[in-house]
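Dear colleague,

I am pleased to hand over the structure below for your reference. My findings follow it, and I would be grateful if you read them with the structure open beside you.

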Amino acid sequence: MNKEIFVELRNVRKVFGEVVALHDVNFSVRKGEIRGLLGENGAGKSTLMNILYGLYRPDKGQIFIEGKEVKIRSPFDSIKLGIGMVHQVSTLVPEFTAVENIMLGTPEDKLTLPLKKESKRIKKMAEDLGFEFPLNVKVRELPAGVKQKIEIVRALYRGAKLLILDEPTTSLVEAEFQQLLKSLKMLVKKGVTVIFITHKIREVMDACDSVTVLRRGKVQGTLEREKMSKESLVKLMFMEKEIKVNESALPKVELPEIEKSKEPVCVVKNIEVEASEKTPGLKNVSFEVYGGEIFGVASVSGNGEKELAEAMIKPSILKSGDIIINGESVNGLPTLKVFSKGVFYTPEDRIKEGILPDGSIKENVLLGHHAEERFLKRNVFIDWEEVKKVSERVVKDYNVFTPNVEIAIRKLSGGNIQKVIIGRAFVNPIDFLVTHNPTSGLDISTVEFIFEKLVEIRSKGGAILWINEDLDELMILSDRIGVIHKGELKGIFNRDEFDKYKIGLLMIGG
Amino acid sequence: MAEKKDKKVLGPFLRNISVYLIAILLAFAVFSVLVALMGFDIFRALRTLTTTSFKSAFGFQETIKKTIPLIFTTYAFTIPFMIKFFNIGGWGQMLMGGTVATVVGLSLAPLNLPAVVLVPLLLISGILAGGLFALIAGYLKAKYDINPIISTIMLNFVAALFVNFIATAPRFKDPLEGHPITIPLPKSATLPFIGGIPSSIIFAILAIIFVYILIKKTRLGYEITAVGYNLFAAQTYGINFAKTIMVTFLIGGSLAGLGGALEIMTIHGKLIEGFAKTSGAQYGIFGILTSLIVAGDPIGVPIAAFLMSVLLVGADALQRTMQIPVELVFLSQALIVLFIVVIRKKFSVRR
């Protein structure tokens, strides 16, 4: 095998707001290999590759191509340097044909597109890779697997010597994956280098000559093909290289021993949610959450955990099954009615689903409580005095850093926004909190604060359903952990059975 | 830090004011150039345009007469615009309100009802007609995801033809008129002028208070505001989007309908084909312009509507006294809006 390095990233660092997405990462790929880039969601895989492709700019670090340092300011630069990227979601123009898409933006100096002439060349390129797709059909009408082939050919047509594939198998069926593999091998024979981003160990084992594992923005290790095994990869993906608590960036919060309630606060019985292109939905999921318990849900994102969270507060999306809160079925109830049973929710995407960015802190605290008697006068008017009082208490109790409650919430930092969202959930005493990734992207002291609040609710006898992308966090603070994969509940672990390896394996369907 | 804070407090206010000032100055500059090119006296033209409303009682009365319907059509656009939908049908809703109120008034005329009964009845029928007519567009959006721009534009044609239908119906038509006009409403169905000012101003003020309370003080207003701020969060926390769409169109249309009924009951006293127009253009369009000036904020509507009317009265005066075509003023009004929108974007896009 050719040992020459094609691309090298040196000490690349990227910080988003308060969060370090990449800690001084070193990463290099040899010419003509298929390199896996493996890691959980949020490990930094896509960030690293988006830097190489010019979509993000690193805060620090250098990039070398064939030994020469280069500056990549935009995809325009990276394409010129021979880097092509196929994104997870199609970037083709739906109303254009394959040929039109592939040629889009290429002959910069001409007024007309030599479509006829070039379509022969494109056809040849595709055939060489074993691809077959209609050249003159609008891509809108083509399935996802075909669109991906078109994107690969487009990258090559633009002269890519390095092809980055971001989670290329998301929308492929098994046969398509095998076909893609064959084509990649052919590409490599022609001297093209491939970086294959994935969170699936099996794919790495099937496809890659070597693999680099990222975790929390750090390279955990690079393995050659002969050293790759399921065990070694799971370990790298989910565990620290050495257990050093100080460096692990995890808060230390104790989970005190307390009595669980006798009756479950929430019973989920055989619920089903319709699958779609984007999600496997939920299949026959059942579990209970007791008072005084934190029930963690672990999954790789996109396995139905989003639908689980949604179903809890919007039971109307259920196809079948029951959700019972405090002994009463909430099936078919609108969200506010569910809330009135002592339930509250903090959503996954705090900016998109959690807040009214231009609204004041006051207006944001009211959201979800706006139909409650305590905030209404004569059922029609909002008692803004009361809202203000409650908001000021939230700001005080949750250490929200703000001059007053009239300020637009978008002016606060991510951590302070999340504190308002969490504080809003506890405006009233509640029995059941559904919370989805409450700590994602927050600095460690805020994470610790939120952990303490969750423990506080648990100590008061509240039940918590905690859907979280970070397994380490779940293991610190859950009484039990349920694992969801492809919409199915694969298993429930008690606290004394927590085993990172076993849970990690179930999360990826192993 | 303290210095920074001060800037933040002062910033938005100064910035907003300067946006308007710069936009108006730029628009007037373009206007002046055009006036000069056409060979008119720039200073006289500007003076006429801006001061006619305040130089005589008549000018001021005219301004108020235009402000009232303009407030209603501006709300008709503004309230659905709070949740980012365009109600282009304010004009049609105003026509429906005026027409249905006329039909009710003329049909009840033989009963000789007193004003205390007849006036509220006509106003309510105007409100209902405008509201329900707008609700068609809201319903089509909520249930079938049909773009309200399209449905409201189409419904404007329906409304205009409905006016014609009623104004030429043998039962209502004034046989002495060549133009489609109905016979006059009974006196007890009309509202008087008080000191040259139409008494419909009372209802305009009530509408302003109503909208203010609705938006700032009620749960419904909060829900509309929340959807406008962030639809996804509002839905996540239990606000019903479909209901909010329909409610905003219903309220917007009701206000336009009320405006239409008032226009008939105070200004015309009968249904005239082509009412709800000023300086030859319809109030719906000016309502949209006015709403865009205040960026869809319902609280700024009355002032903006008044200033818009000052320019409209000035435009009429220009035409009368200097033979400068009103279109030139429309042009500068449009430019004011364009400049405001552009300057505001320039100020805000700075991440």
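Chain B is divided into domain 1 (1-40 + 326-351) and domain 2 (56-323), with bounds that come from an automatic or database domain assignment. The model is predicted: local features need pLDDT of at least 70 and side-chain atom pairs count only at pLDDT 80 or more, whereas totals for chains, interfaces and linings use all residues. Residues are numbered from 1 along each chain as its sequence is written, while chains are lettered from A and ligands numbered from 1 in the order in which they are written.

**Domains**

Taken over C-alpha atoms, the centres of domain 1 of chain B and domain 2 of chain B are separated by 28 Å. Ten residues of domain 1 of chain B are in contact with 14 residues of domain 2 of chain B; two residues are in contact if their C-beta atoms, placed from the backbone, lie within 7 Å. The side of domain 1 of chain B that touches domain 2 of chain B has eight nonpolar residues, one polar and one charged. In this classification Ala, Val, Leu, Ile, Met, Phe, Trp, Tyr, Cys and Pro count as nonpolar, Asp, Glu, Lys and Arg as charged, and the others, Gly among them, as polar.

Chain A is divided into domain 1 (5-90 + 160-248) and domain 2 (264-342 + 430-507). The C-alpha centres of these two domains of chain A lie 31 Å apart. Eleven residues from domain 1 of chain A and eleven residues from domain 2 of chain A take part in the contact. On the side of domain 1 of chain A that touches domain 2 of chain A, helix α8 (residues 230-238) of chain A contributes the largest share, four residues. Helices (H or I, at least four residues) and strands (E, at least two) are DSSP runs, numbered from the N terminus. By class, that side of domain 1 of chain A has five nonpolar, three polar and three charged residues.

**Contact between the chains**

Between the chains, 13 residues of chain B are in contact with 22 residues of chain A. On the side of chain B that touches chain A, α8 (219-229) and α9 (231-236) of chain B each supply at least two residues. The largest share, five residues, comes from α8(B). That side of chain B divides into six nonpolar, four polar and three charged residues.

**Sheets of chain A**

An open sheet of four strands in chain A has the order β12-β11-β14-β15, with antiparallel pairing; two strands pair if DSSP finds at least two bridges between them. Its edge strands are β12 (282-290) and β15 (328-329) of chain A, each of which pairs on one side only. Six bridges join β11 (residues 264-273) of chain A to β12(A) in the antiparallel sense, and P264(A) stands opposite Y290(A) in β12(A). Helix α9 (residues 305-313) of chain A packs on this sheet, touching β11, β12 and β14 (320-325) of chain A, and its direction makes about 60 degrees with that of β12(A). Axes are lines fitted to C-alpha atoms, for helices over the stretch in contact, and angles run from 0 to 180 degrees between N-to-C directions.

A further open sheet in chain A, of six strands, has the order β16-β19-β20-β13-β21-β22 with mixed pairing. Strands β16 (343-346) and β22 (488-494) of chain A each have a single partner strand, so one side of each is left without a neighbour in the sheet. From one strand to the next, the twist averages 15 degrees. Strands β13 (residues 293-298) and β21 (residues 480-485) of chain A run parallel and are joined by four bridges; the bridge partner of F295(A) in β21(A) is R480(A).

**Nonpolar core**

The largest nonpolar core has 245 residues, and those with the most contacts inside it are L52(A), L163(A), I164(A) and L465(A). Such a core is a set of buried Ala, Val, Leu, Ile, Met, Phe, Trp, Tyr and Cys residues joined through C-beta atoms within 7 Å. A residue is buried if 20 or more other C-beta atoms lie within 10 Å of its own, exposed if 12 or fewer, and partly exposed in between, with C-beta atoms placed from the backbone. Helix α10 (residues 241-268) of chain B gives the most to this core, with 13 residues.
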